[in-house]
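Please keep the 3D view open while you read the points below.

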Amino acid sequence: MKFTKPALSVADQIALIERRGMAVPDRARAEHYLRHISYYRLRAYWLPFETAAEADGDHAFKNGASFDDAVALYVFDRQLRLHVMDAVERIEVSLRGAWAHHLAMKYGPHGYIDANLYGRPEHYARALSSLDEEIKRSRDTFIEHYQKRYNDPKLPPIWMAAEVMSLGQLSKWLDNLKLRADRQAIAKPYGLDEKVVVSLAHHLAHVRNICAHHGRLWNKQFTVTMKLPQSPAALKLAMNANASRRLYNTLATIGYLIGIIAPGSDWRRKLITLIDDTPLADTAAMGFPANWQQMPAWRVAA
């Protein structure tokens, strides 16, 4: 079928959503958001207020739907992404350090490039090539210093390599370690099984990419999921196995890890406040169980 929809002016965009039943209390405000965010981007945030599509493909809005409500959801999602990104940054830095320290202490500064440490040669070859390209592109002072002063080995020691490695790359190096004992040693400081940490690193790389590219997060249905932890008990009880593709389990696990990595952080409290301040953000659509705030994992000091 050929695409025939015409481009619409901002005034026509407002007329269209009004015709479909959405209230626009402040036209100047609506014009501002449509110009600076765009109709197509905001549309994802008024989907919860739509009814089923009519025969012509148009979606009417439910009674009481307001443009301001869609903007409120957009602002909530933006704040949520920034909050999640803050936590993922801390987790990523911590995981890099744990991986680099363990392998350096056990196998030496350059032991990480030994192919014998890895279970799947083809994955190792791709990861090594990707890391080599990343290092070639790097303009970090410590990388340039190493390259000027040393030529054997070609790649820098693991603690330098870790600093230029993305979370997605790190998850592949971690996953491909041949010995479970190595993965378990890296996971031990977090009180989680290595399978959970490996899957979480891969999942958080996906979440981070959504946040970095300003994608919708709050009610996202993930294609890359994490393995649900079976311990510690408070975290296990907090998991919602019936919503494994929703954001809730990710937030609960992030909150747990931040408690270990940054014990004085009020990350969980800020998340709870953000959710409480945005009643339009349906927690069920995010995968939150009805009694989540009563769970031990979510209890924060007054």
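1. A pocket, on a 1 Å grid over the protein atoms alone, is an open set of points with protein on both sides within 12 Å along at least five of seven lines; a cavity is a set where a 1.4 Å probe fits but cannot get out, and lining residues have an atom within 4 Å of a point.

2. Before going further, please note that this is a predicted model: local features need pLDDT of at least 70, side-chain atom pairs count only at pLDDT 80 or more, and totals for chains, interfaces and linings use all residues. Residues are numbered from 1 along each chain as its sequence is written, and side-chain values use heavy atoms, with hydrogens and water left out.

3. Back to the pocket: the volume of the second largest pocket is about 250 Å³, a volume being the space filled by probe spheres set on the points, with grid points joined across faces, edges and corners. Its lining has 13 residues, and His123, Ala127, Ser171, Lys172 and Trp173 lie nearest the centre. Helix 5 (121-137), helix 8 (167-175) and helix 10 (194-212) each supply at least two lining residues. Helix 8 gives the most, with five. Helices here are DSSP runs (H or I, at least four residues), numbered from the N terminus.

4. How many cavities of 30 Å³ or more are there? The count comes to two. The largest cavity has a volume of about 60 Å³, and its lining consists of Ile91, Leu95, Tyr190, Leu192, Val197, Leu200 and Leu257. By class, that makes seven nonpolar residues, no polar and no charged.

5. Now to the charged pairs. Side chains of opposite charge can pair when their charged atoms come close. The structure holds 17 salt bridges, each a side-chain nitrogen of Lys or Arg within 4 Å of a carboxyl oxygen of Asp or Glu. One of them joins Arg29 and Asp68, at 2.7 Å from N to O. Arg29 lies in helix 2 (residues 27-36) and Asp68 in helix 4, so this pair ties together parts that are 39 residues apart in sequence. Arg29 is partly exposed at 32% relative accessibility, as is Asp68 at 26%; buried means under 20% relative accessible area, exposed over 50%, and partly exposed in between (1.4 Å probe, protein chains only).

6. Is the pair Arg96 and Glu92 buried or exposed? Arg96 is buried, with a relative accessible area of 14%, and Glu92 is buried at 9%. Their closest N and O atoms are 3.0 Å apart, and the two residues sit four residues apart in helix 4, about one helical turn. Glu92 and Arg96 also belong to a network of salt bridges with Glu163 and Arg208.

7. Finally, look at Arg137 and Glu134, whose side chains meet in a salt bridge of 2.8 Å, N to O. Both lie in helix 5, three residues apart. Arg137 is exposed at 52%, whereas Glu134 is partly exposed at 25%.

Methods:
Nonpolar A, V, L, I, M, F, W, Y, C, P; charged D, E, K, R; others polar.
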